[in-house]
Amino acid sequence: MKLKKSGHSYFINNKKQFVGTAIPDDTLKNCFEFAFNMAFGKGHHRNHRTGGRLKRTEKDIFKNTLQGKLAECMAYYYLKDKDLICKPLDFEIYGKGRWDDADIICKGKKISIKSAAYYSNLLLLETKDWDKDGTYIPNSKDPNLTAYYDYFILVRIQPNTNCFFIKHTDKALLWNLVNSKNWYYDIAGWSSLATLKCLIENKYILPQHAFLNGKIKMDADNYYIQAGNLKEMTCLTEILKAL
């Protein structure tokens, strides 16, 4: 289902309610350490989105990385709890020019974890990262990296890390800020490579500079699928167990 369009604004019309489950304290701590090192230590993340104009500060990178790593961990633990064997989570700190490959590898299938705030209802993929065949362009020239993802999972995190007001980068004080919040997640659902190809072919695009729900200005062109159109996780676990 495509978003409702009115002028240069696009509106969600197939939502899925956020149903939060608490994130374990040790997972929060591990993800905080990872995000802190990637933003303020020896790690490296791009300071802008593919095709985007806005530059991310180190504080922005910390907030985005914390949300993303929490999402990756909770998807991993979900699959593990279903007795599915996955490659162990990667907490290595990568420098410039290197980054982790597939977020999760389970039964030989490569899974990309997309994170979003708890109120989000879109799985977004920057258009300039993908060709018409669903190839992930940034990895396409390196045979050791993943050029195709079999599945995409949308994990939503509460609170919204982008709303954090970070005054300083002192590690202890920043941890106190993060640890003072109650953290929850839900898995909105999943999609497949075949669905991505369909989105590309049928131009499911939320354009750069468009307004989502009439108020959020998009920084880059994105392919999208609404949360209400994602498949239930029970279906994915059945597929993986059958492999």
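Which residues of the largest nonpolar core touch the most other members?

**View 1. The largest nonpolar core of this predicted model.** The residues that touch the most other members are F62, L79, I104, I153, V155, V178 and W183, in a core that holds 41 residues. A nonpolar core is here a set of buried Ala, Val, Leu, Ile, Met, Phe, Trp, Tyr and Cys residues joined through side-chain atoms within 4.5 Å, and buried means under 20% relative accessible area, exposed over 50%, and partly exposed in between (1.4 Å probe, protein chains only). The elements that each give two or more residues to this core include helix 1 (25–40), helix 2 (58–81), strand 7 (151–158) and helix 3 (171–179), where helices (H or I, at least four residues) and strands (E, at least two) are DSSP runs numbered from the N terminus. Helix 2 supplies the largest share, 11 residues.

Residues are numbered from 1 along each chain as its sequence is written, and side-chain values use heavy atoms, with hydrogens and water left out. Because this is a predicted model, local features need pLDDT of at least 70 and side-chain atom pairs count only at pLDDT 80 or more, whereas totals for chains, interfaces and linings use all residues.

**View 2. Confidence along the protein chain.** The pLDDT, which is the predictor's confidence in each residue from 0 to 100, averages 91 over the protein chain, and 92% of the residues score at least 70. Over residues 45–49, however, the pLDDT is below 50, although this stretch has 15 contacts in the model beyond near neighbours in sequence; contact means heavy atoms within 4.5 Å. Where pLDDT is low, the predicted coordinates should not be read in detail.

**View 3. The surroundings of L79.** When its neighbours within four places in sequence are left aside, L79 is in contact with L84, C86, I104, I111, M233, T237 and L240. A second, separate core, of 28 residues, includes L125, L154, L199 and L206.

**View 4. The buried face of helix 5.** M233, L236, T237 and L240 are the buried residues of helix 5. Seen down the helix axis, these residues fall within an arc of 100 degrees, so they line one face of the helix; the arc is that of the directions from the helix axis to the C-beta atoms. Among the elements that cover the buried residues of helix 5 are helix 2, strand 4, strand 5, strand 7 and strand 8.

**View 5. Strand 6 and its antiparallel partner, strand 12.** Strand 6 (residues 122–126) is mostly covered, with four of its five residues buried. Five bridges join strand 6 to strand 12 (residues 222–226), and the two run antiparallel; strands pair if DSSP finds at least two bridges between them. L123 has I225 as its bridge partner in strand 12.
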